[in-house]
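Please look over the sequence and the structure before reading on.

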Amino acid sequence: MIFVMLAGGAAFGWWSASRAAAELAGQLGRDACARAGVQWLDQAVHAHSLRLRRGDDGRLAVERSFRFEYSDDGVQRHIGHLVLRGDRLVAFSGPTRSEIATLH
């Protein structure tokens with residue numbers, strides 16, 4: 001019975017951390033689109049990669065990759081990516097203000 005409780009607690013902890021990372025990724029994607037003046041499509045981010053990576057301090061951490069879609073003209077869809085290691089943004093590719101300025 002104790003083993004089942006420990007496994008359930010670990011599963012809940014994993015699920016909770018995954019949801020928190022997805023919410024943070026959604027906020028970061030939404031903010032990037034708002035700053036660049038583009039439309040954030042589908043109002044969601046999609047997790048597409050999960051792996052263990054070493055951080056700058058040498059410790060192992062879970063690295064989650066997310067993708068989101070945005071449009072600068074309302075017709076074409078573009079894909080943005082962001083990578084979170086723990087609760088820290090370590091990589092981003094997506095809409096930027098200078099990129100949009102050159103399109104108009």
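A residue counts as exposed when its relative accessible area is over 50%, as buried when that area is under 20%, and as partly exposed in between. The model examined here is predicted. By this scale, phenylalanine 12 and tryptophan 15 are both exposed.

**Aromatic pairs**

A pair of aromatic rings is described by the distance of the centres and the angle of the planes. Searching the whole structure gives three aromatic pairs. Two of them are set out in the table.

| Pair | Centre to centre | Angle between planes | Class |
|---|---|---|---|
| Phenylalanine 12 and tryptophan 15 | 5.9 Å | 35° | tilted |
| Phenylalanine 68 and phenylalanine 92 | 6.2 Å | 25° | stacked |

Phenylalanine 12 and tryptophan 15 are three residues apart in helix 1, so about one helical turn separates them. The other pair joins two strands: because phenylalanine 68 belongs to strand 2 and phenylalanine 92 to strand 4, this pair ties together parts that are 24 residues apart in sequence. Phenylalanine 68 is buried, at a relative accessible area of 0%, whereas phenylalanine 92 is partly exposed, at 35% relative accessibility. Ring pairs also bring in Tyr70, so that Phe68, Tyr70 and Phe92 are linked into a cluster.

A charged side chain also meets a ring in this model: arginine 64 lies over the face of tryptophan 14, 5.2 Å from the ring centre.

**The sheet and the helix**

**Strand pairs and turns**

Eight bridges join strand 2 and strand 3 in the antiparallel sense. Here the buried phenylalanine 68 stands opposite glycine 80 of strand 3. The hairpin of these two strands has six residues between them, and in it glycine 74 takes a positive phi near 85°.

Strand 3 (residues 78-85) and strand 4 run antiparallel and are joined by five bridges. Histidine 81 has serine 93 in strand 4 as its bridge partner. This hairpin has two residues between its strands, and glycine 86 in the turn has a positive phi of about 70°.

Technical notes
Residues are numbered from 1 along each chain as its sequence is written. This is a predicted model: local features need pLDDT of at least 70, side-chain atom pairs count only at pLDDT 80 or more; totals for chains, interfaces and linings use all residues. Side-chain values use heavy atoms; hydrogens and water are left out. Two strands pair if DSSP finds at least two bridges between them. Helices (H or I, at least four residues) and strands (E, at least two) are DSSP runs, numbered from the N terminus. Rings of Phe, Tyr and Trp (its six-membered ring) pair if their centres lie within 6.5 Å; planes under 30 degrees apart count as stacked, over 60 as edge-to-face and the rest as tilted. Buried means under 20% relative accessible area, exposed over 50%, partly exposed in between (1.4 Å probe, protein chains only). A charge sits over a ring if NZ of Lys or CZ of Arg is within 6 Å of the ring centre and within 35 degrees of the ring normal.
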